[in-house]
Amino acid sequence: MEQRQRPANWASYAEGMMKAAEQKAKAGQVEEAIAGYLMAADIFLTLAKSESTYRAWLDYATKAELCQKKVKELMAGGQG
């Protein structure tokens, strides 16, 4: 089975997406913020799936959970 290659900077990229989404939420661009958080969550979940250690999996899964929480808050009308 071929192992998937992933750039080493995907986690940094997703964290940058989270920061950008936070700025968009503060600026009132809720739809764009939600999209950014969802994309970051997808990346974190993909990274978690590819990890072989619990600690690394937990780190990525926790970040994905935070993104999902932010989306729920934005959808509920808060600026979270």
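Val71 lies in helix α3 of a predicted model, in which local features require pLDDT of at least 70, side-chain atom pairs count only at pLDDT 80 or more, and totals for chains, interfaces and linings use all residues. Residues are numbered from 1 along each chain as its sequence is written, and side-chain values use heavy atoms, with hydrogens and water left out. Helices here are DSSP runs of H or I with at least four residues, strands are E runs of at least two, and both are numbered from the N terminus.

Val71 has a relative accessible area of 6% and is therefore buried; buried denotes under 20% relative accessible area, exposed over 50%, and partly exposed the range in between, with a 1.4 Å probe and protein chains only. Apart from neighbours within four places in sequence, Val71 contacts Ile34, Tyr37 and Leu38, contact being defined as heavy atoms within 4.5 Å. The C-alpha atom of Val71 is 9.3 Å from that of Gly36, a residue 35 positions away along the chain.

Of the 80 residues in the protein, 29% are buried. Among contacts with a separation of 6 or more, 56% link residues 24 or more positions apart.

How do the axes of α2 and α3 cross? They come within 8 Å and cross at roughly 160°; axes are lines fitted to C-alpha atoms, for helices over the stretch in contact, and angles between N-to-C directions run from 0 to 180 degrees. The two helices are therefore roughly antiparallel, a label for angles over 145 degrees, whereas those under 35 count as roughly parallel, 65 to 115 as roughly perpendicular and the rest as oblique. The crossing of α2 with α3 is left-handed, in that the near helix is turned anticlockwise from the far one by less than a right angle; clockwise would be right-handed. The residues of this contact comprise 19 nonpolar, 1 polar and 3 charged. In this classification Ala, Val, Leu, Ile, Met, Phe, Trp, Tyr, Cys and Pro are nonpolar, Asp, Glu, Lys and Arg are charged, and the others, Gly among them, are polar.

The largest nonpolar core holds 20 residues, of which Tyr37, Ala40, Phe44 and Cys67 touch the most other members. Such a core is a set of buried Ala, Val, Leu, Ile, Met, Phe, Trp, Tyr and Cys residues joined through side-chain atoms within 4.5 Å. At least two of its residues come from each of α1 (10-26), α2 (30-49) and α3 (54-75), and α2 gives the largest share, 9 residues. Beyond four places in sequence, Phe44 touches Ala11, Ala14, Glu15, Met18, Tyr60, Lys63, Ala64 and Cys67. In soluble globular proteins, nonpolar side chains tend to be buried together.
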